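Visitor: I have a model open and want a quick tour. Can we keep it brisk?

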Amino acid sequence: MKVVLGVAGGIAAYKAASLLRLFTEAGHDLTVVPTASALHFVGEATWSALSGKPVHTDVWSDITDVPHVRIGQQADLVIVAPATADLLARAASGQADDLLTNVLLTARCPIVMAPAMHTEMWEHPATQANVATLSERGVHIVPPASGRLTGKDTGPGRLPEPEELYAVCARLLEHPRAVAATAPVTEVIATRGPLRGRHVVVSAGGTREPLDPVRFLGNRSSGKQGYAVAAAAAARGARVTLVTTADLQLPTGVEAVRVETAQQLRAAMLEHFDSADVIVMAAAVADFRPADYVDTKIKKGMAPGDDSAPEIRLVRNPDILAELVRHRGDAAGPVIVGFAAETGDAKASVLEHGRAKLERKGCDVLVVNEVGSDKTFGKDENTVHLLLQGSSRVEDVGPADKRVIADAIWDLVETLV
Ligand code: CTP
């Protein structure tokens with residue numbers, strides 16, 4: 001497909017280079033149209049080398065080819081990332097003073113804009129009015145994420161991660177009319193897409209079970225897969241609550257509930273159970289916790305020759321996934337998705353362990369992933385088998401980016417909600 005990547009002059013222009021790669025790696029024909037100020041941040045040579053095409057900012061180059069009309073007319077999708085306050089203003093008022101604004105006027109395909117700027121500029125009524133105008137005209141606005149900005153300040157204004165922007169675009173390329181473009185901008189993502197109106201609750205990360213004020217028992221889960229599941233659900237229009245022990249950048253449109261222990265995670269999941277349409281237990285919940293918490297640091301013996309070590313007694317944590325399934329009982333309740341971290345052993349393969357776990361836990365879908373010291377944990381890629389309750393079907397996905405895995409999970413779960 002022909003994709004145009006417009007880049008306006010903001011510090012986040014460097015992230016557009018990663019976005020470009022996601023498109024080209026997926027086989028799309030990509031044309032970059034930076035503004036003149038974007039070239040202050042990332043130069044023409046980078047864009048040309050990465051896209052394999054000459055790059056222009058004005059309408060006077062290759063004039064016989066009429067690029068100011070042709071590029072927009074032929075595009076299957078245009079994304080502007082980052083879209084600065086200035087670019088939004090020029091686009092909203094229909095100006096055509098450089099190549100990018102010409103492309104925006106001549107394109108009849110879906111247009112996505114990802115604003116990124118300082119919080120004050122984003123919140124200024126002029127910017128908000130321009131965004132509302134563009135949104136009313138059918139431009140898909142991906143609202144900025146909250147987080148660290150260029151300086152020491154934080155707030156809404158960050159460009160969402162390239163994977164997130166790519167997922168929004170990939171979906172539009174697949175279903176150009178999947179989303180209507182009339183929603184108020186602050187709810188742009190949450191009011192569109194196949195999961196719109198649905199509340200999705202996702203748990204992510206490994207629990208930490210404290211031993212004393214400085215030590216805990218933990219595990220190697222990074223939370224990346226759970227965050228990708230949450231981001232994919234938000235991009236499909238769901239209202240997403242992410243119950244998390246991890247501290248990764250929060251995907252756009254996702255509300256976080258921070259927890260640490262299995263018991264806190266359990267309480268948060270139960271609290272959101274009644275309003276949930278889908279629950280995804282991607283968290284790696286510790287099966288055991290120290291029986292006793294000591295509220296002062298456990299010291300080692302100081303006497304000469306004393307090399308004793310304390311014994312740590314463990315007690316079982318609740319199995320939250322199984323409890324959520326029991327809680328639902330026979331009543332119509334949320335679709336419940338579990339994850340299984342399996343290594344395979346002498347008794348059974350990864351898949352056999354997965355099937356037994358699906359049976360034992362009673363959830364609707366089980367995402368089985370093979371784990372090991374060099375697999376899955378902390379990585380950006382994953383390989384999974386998707387198992388459906390009551391079916392012998394197995395869907396193998398990957399190795400692929402965790403976001404691709406997340407989309408495969410939602411493709412399956414969407415058929416159940
Ligand atoms: N899980 C849970 N509560 C626990 C342990 C796990 O809710 N105390 C959930 C996980 O979030 C995941 C699923 O159960 O969705 C499977 O987790 P996994 O660690 O693979 O399985 P366990 O139940 O711990 O089984 P085992 O360690 O014996 O393989």
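Visitor: Which residue in S13 does Val201 stand opposite?
Guide: Val201 stands opposite Ile279. This is a predicted model, where local features need pLDDT of at least 70, side-chain atom pairs count only at pLDDT 80 or more, and totals for chains, interfaces and linings use all residues. Residues are numbered from 1 along each chain as its sequence is written, and side-chain values use heavy atoms, with hydrogens and water left out.

Visitor: How are strands and helices assigned?
Guide: They are DSSP runs, numbered from the N terminus: helices are H or I with at least four residues, strands are E with at least two.

Visitor: How many bridges link S8 and S13?
Guide: Four, and strand S8 (residues 199-204) pairs with S13 in the parallel sense. Two strands pair if DSSP finds at least two bridges between them.

Visitor: And what about S13 and S16, parallel or antiparallel?
Guide: S13 and strand S16 (residues 335-342) run parallel, joined by four bridges. Here Ile279 stands opposite Ile336.

Visitor: Are the faces of S13 covered or open?
Guide: Both faces of S13 (residues 278-281) are covered. Val278 and Val280 are buried on one side, Ile279 and Met281 on the other. Buried means under 20% relative accessible area, exposed over 50%, partly exposed in between, using a 1.4 Å probe and protein chains only.

Visitor: What is the strand order of the sheet with S13 in it?
Guide: S12-S11-S8-S13-S16-S17-S18-S19, an open sheet of eight strands with mixed pairing. S12 and S19 are the edge strands, and each pairs on one side only. On average, neighbouring strands are turned by 20° against each other, direction ignored.

Visitor: What packs on that sheet?
Guide: H11 does, touching S8, strand S11 (239-244), S12, S13 and S16. The direction of H11 makes about 175° with that of S8. Angles run from 0 to 180 degrees between N-to-C directions, and axes are lines fitted to C-alpha atoms, for helices over the stretch in contact. Contact means heavy atoms within 4.5 Å.

Visitor: How many bridges join S16 to S17?
Guide: Six join S16 to strand S17 (residues 365-370), and the two run parallel. One of the partner pairs is Gly338 with Leu366 in S17.

Visitor: Back to H11. Where does Thr261 lie?
Guide: Thr261 is in the loop between strand S12 (254-258) and helix H11 (262-273). Thr261 counts as buried because its relative accessibility is 11%.

Visitor: What does Thr261 touch?
Guide: Thr207, Arg208, Glu209 and Pro210, not counting residues up to four places away in sequence.

Visitor: New topic: the five-strand sheet. What order?
Guide: S2-S1-S3-S4-S5, an open sheet with parallel pairing. Strand S2 (29-34) and strand S5 (140-141) stand at the edges with a single partner strand each, so one side of each has no neighbour in the sheet.

Visitor: How many bridges do S3 and S4 share?
Guide: S3 and strand S4 (residues 111-115) pair in the parallel sense over four bridges. Ile79 stands opposite Val112 in S4.

Visitor: Where do cis peptide bonds turn up?
Guide: The bond from Ala81 to Pro82 is cis, with omega near -5°. Pro82 lies in strand S3 (residues 77-83). Another cis bond joins Gly398 and Pro399, with omega about 5°. Pro399 sits in strand S19 (residues 394-401). Most peptide bonds are trans.

Visitor: Now helices. At what angle do H5 and H6 pack?
Guide: Helix H5 (residues 85-92) and helix H6 (residues 99-106) pack at about 45°, with their axes 10 Å apart. H5 and H6 are therefore oblique to each other. Angles under 35 degrees count as roughly parallel, over 145 as roughly antiparallel, 65 to 115 as roughly perpendicular and the rest as oblique.

Visitor: Which residues make the contact?
Guide: Leu87, Arg90 and Ala91 of H5 meet Leu100, Thr101 and Leu104 of H6.

Visitor: What about H4 and H6, how far apart are their axes?
Guide: The axes of helix H4 (residues 67-74) and H6 are 7 Å apart, at an angle of about 50°. That angle makes H4 oblique to H6.

Visitor: Which H6 residues meet H4?
Guide: Leu99, Asn102, Val103 and Thr106. On the H4 side are Pro67, His68, Val69, Ile71, Gly72 and Gln73.
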